[in-house]
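Please work through the following exercises with the sequence and the structure open beside you. Try each task before you read its solution.

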Amino acid sequence: MLVTGATGRVGRVVVDQLLDAGVPVRALTRRSEAAATLPAKVEVFTGDLTVPESLDPALHGAGAVFLVWTAPPQTAAAVVERLAAHVRRVVFLSSPHQTPHPFFQQPNPMAVLHADIERLIATTGLESTIIRPGMLASNSLAWWASAIRAGDVVRWPYGAAESAPVDDRDVAAVAARTLHQDGYVGGDYVLTGPESLTQAAQVGVIGDALGRRITFEEMTPDEFQSLSEGTAPSSVVDMLLAAWSAAVGQPAYITTAVADILGTAPRTLRQWAADHATTFTERSEGS
């Protein structure tokens, strides 16, 4: 099994899940030094999605691929063509852009890219499974960890917007299961956490895990756009604001896909926060 994005939030856990299941694993990384962060049993290949031919050594002899697209769209068709020439199966990490819920129906360049890659995969005859995680629980690290390390107040827009954060470990477990076990070809799964929570409530859950009261203060969208300049593309900022605005007063879209596939209930945000409490208190590199 070849795992792309093997050092990322989901891919890295997929590697561990496959190894635990006794499955031989290959990892694709853009930098050779990344091999040091992966288990010794993993066969590491250096390759780049923007250079499709660089993937050939990793694909030769592989049976299936976990595809995480982390590049501009220009080489997507050539990469999918190469996958089809070498492997039988692909599990693609997409997004819930087909889901009939306002949160997922806002203009979103990443969703357009995901839809295009899905169409490319469908035309090749590859055996495919599409997994579509909603909001990842780990997004809260990027959004709120620095403020929580600095004090007891998180300022953020649309505190009343609801989502159902899904634990990255559950997403990875589903990816690994659908990659190495039969019965999931043609599957299309939206993955969510088990409960709808406002953003303000999510901050409160994290505070509970830390044994502190974290106050949520509403920020205006204009303030958020100003503070985000230089740290995130404006298209991403606009997409998030539109999604959060549309989610106010709308209970989050929730599925049972994680439990259906894994046979265990998806982890709650409270479980995720308790397991990651130190990441909100210890200053990491670059933070």
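**Exercise 1: The strands of the sheet**

In strand β2 (residues 26-29), R26 and L28 point one way while A27 and T29 point the other way, and all of these residues are buried. The model in which this is seen is a predicted one.

Task: Find which strand pairs with β2 through two bridges, and then work out the order of the strands in the open sheet.

Solution. Begin with the side chains, for in a regular strand they alternate between the two faces of the sheet. Next, look for the partner: strand β1 (residues 2-3) is joined to β2 by two bridges, and the two strands run parallel. Within this pair, A27 of β2 has V3 standing opposite. Now widen the view to the open sheet, in which seven strands with parallel pairing follow one another in the order β3-β2-β1-β4-β5-β6-β9. At the edges stand β3 (43-46) and β9 (188-191), and because each has a single partner strand, one side of each is left without a neighbour in the sheet.

**Exercise 2: A covered strand and its neighbours**

Task: Decide how many of the residues of strand β5 (residues 89-93) are buried, and state which residues of β5 are the partners of F66 and L67.

Solution. Count first: five of the five residues of β5 are buried, and the strand is therefore described as mostly covered, where buried means under 20% relative accessible area. Then sort them by side, which gives R89, V91 and L93 on one side and V90 and F92 on the other, so that both faces of β5 are covered. Turn next to strand β4 (residues 64-67), which runs parallel to β5 and is joined to it by four bridges. Along this pairing, the bridge partner of F66 is V91, and L67 stands opposite F92.

T129 counts as buried because its relative accessibility is 0%. If neighbours within four places in sequence are left aside, the residues in contact with T129 include R89, V90, V91 and F92, and also T178, Y184 and Y189.

**Exercise 3: Two pairs of helices**

Task: Describe how helix α5 (residues 139-150) and helix α7 (residues 199-210) cross, and then do likewise for helix α3 (residues 76-86) and helix α4 (residues 109-124).

Solution. Two packed helices are described by the angle between their axes and the distance between the axes. For α5 and α7, the axes come within 12 Å and cross at roughly 60 degrees. That angle makes α5 oblique to α7, and the crossing is right-handed. The contact is made by S140, W143, W144 and I148 on the side of α5, and by Q199, Q202, V203, I206 and L210 on the side of α7. Sorted by kind, these residues give six nonpolar, three polar and no charged. Within α5, the buried residues are N139, S140, W143, W144, A145 and I148, and what covers the buried residues of α5 includes β7, α7, α9 (234-247) and α11 (269-275).

For α3 and α4, the axes come within 10 Å and cross at roughly 35 degrees, and α3 passes α4 in a right-handed crossing. Here the contact is made by A76, A77, V80 and A84 of α3 together with I117, L120, I121 and T124 of α4. Sorting the residues of this contact gives seven nonpolar, one polar and no charged.

Notes
Residues are numbered from 1 along each chain as its sequence is written. This is a predicted model: local features need pLDDT of at least 70, side-chain atom pairs count only at pLDDT 80 or more; totals for chains, interfaces and linings use all residues. Side-chain values use heavy atoms; hydrogens and water are left out. Axes are lines fitted to C-alpha atoms, for helices over the stretch in contact, and angles run from 0 to 180 degrees between N-to-C directions. Angles under 35 degrees count as roughly parallel, over 145 as roughly antiparallel, 65 to 115 as roughly perpendicular and the rest as oblique. A crossing is left-handed if the near helix is turned anticlockwise from the far one by less than a right angle, and right-handed if clockwise. Contact means heavy atoms within 4.5 Å. Ala, Val, Leu, Ile, Met, Phe, Trp, Tyr, Cys and Pro count as nonpolar, Asp, Glu, Lys and Arg as charged, and the others, Gly among them, as polar. Buried means under 20% relative accessible area, exposed over 50%, partly exposed in between (1.4 Å probe, protein chains only). Two strands pair if DSSP finds at least two bridges between them.
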